[in-house]
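I opened my notebook to go through this fold piece by piece. Here is the model I had on screen.

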Amino acid sequence: MKHVVIIDDDEIFQFTARVRFQKLKLAIKVSIFSDGEEAFEFVKSGDYDDLPNALLLDINMPVIGRWDFIELFKDLPKEKTKNVHIYMLSSSVNPEDMQRAEANGLVIDYVTKPIGDQDLEKIFHI
């Protein structure tokens, strides 16, 4: 099952991303969280069979920020997280954020918004 988790507090992005994943038939299941804490609890307490294949992490999040989320995620058991691919999302092209994401071994790619269909397709062709 292809499962994607979107962590973004922008309701318009949440809606359009869900619709596009479903329209392109890229994900069977799309889970959406408005903050990092909710998403982390989902991953931490989730059943191994229900973990996402891809996690789209907005760079600006309330409660638990992007880097804090990644630090918490890093401390989860490897057998639980080894098949979860993290993509950093942002409307910013801040070189510091891009470099930090690139240097982080858990972040697969830094994707700038607005996110196109090709970007979404790339996420599931990992």
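This is a predicted model: local features need pLDDT of at least 70, side-chain atom pairs count only at pLDDT 80 or more; totals for chains, interfaces and linings use all residues.

My entries below go from the sheet to the helix packed on it and then to the cores.

I looked up the strand order first: five strands form an open sheet, 2-1-3-4-5, with parallel pairing. At the edges I found strand 2 (29-33) and strand 5 (107-112), each of which pairs on one side only. From one strand to the next, the twist averages 20°.

Next I checked strand 1 (residues 3-7) against strand 3 (residues 54-58); the two run parallel and are joined by four bridges. Which residue of strand 3 is the bridge partner of valine 5? I found leucine 55 there.

**Helix 3.** I then turned to helix 3, which lies across strand 1, strand 3, strand 4 (85-90) and strand 5, at about 150° to strand 3. I listed the buried residues of helix 3 (residues 66-74) as Arg66, Trp67, Phe69, Ile70 and Phe73. Down the helix axis these fall within an arc of 155°, so they line one face of helix 3.

**Cores.** I looked up the largest nonpolar core and found 23 residues in it; Ile7, Leu55, Leu57, Phe69, Ile70, Phe73 and Met88 have the most contacts inside it. Which element gives the largest share of this core? Helix 3 does, with four residues. I also noted a separate core of 17 residues, including Tyr87, Leu89, Ile115 and Ile123.

**Phenylalanine 73.** Last, I checked the neighbours of this residue. Leaving out residues up to four places away in sequence, phenylalanine 73 touches Phe40, Val43, Thr81, Val84, Ile86 and Leu106.

Conventions
Residues are numbered from 1 along each chain as its sequence is written. Side-chain values use heavy atoms; hydrogens and water are left out. Buried means under 20% relative accessible area, exposed over 50%, partly exposed in between (1.4 Å probe, protein chains only). The arc is that of the directions from the helix axis to the C-beta atoms. Two strands pair if DSSP finds at least two bridges between them. Axes are lines fitted to C-alpha atoms, for helices over the stretch in contact, and angles run from 0 to 180 degrees between N-to-C directions. Contact means heavy atoms within 4.5 Å. A nonpolar core is a set of buried Ala, Val, Leu, Ile, Met, Phe, Trp, Tyr and Cys residues joined through side-chain atoms within 4.5 Å.
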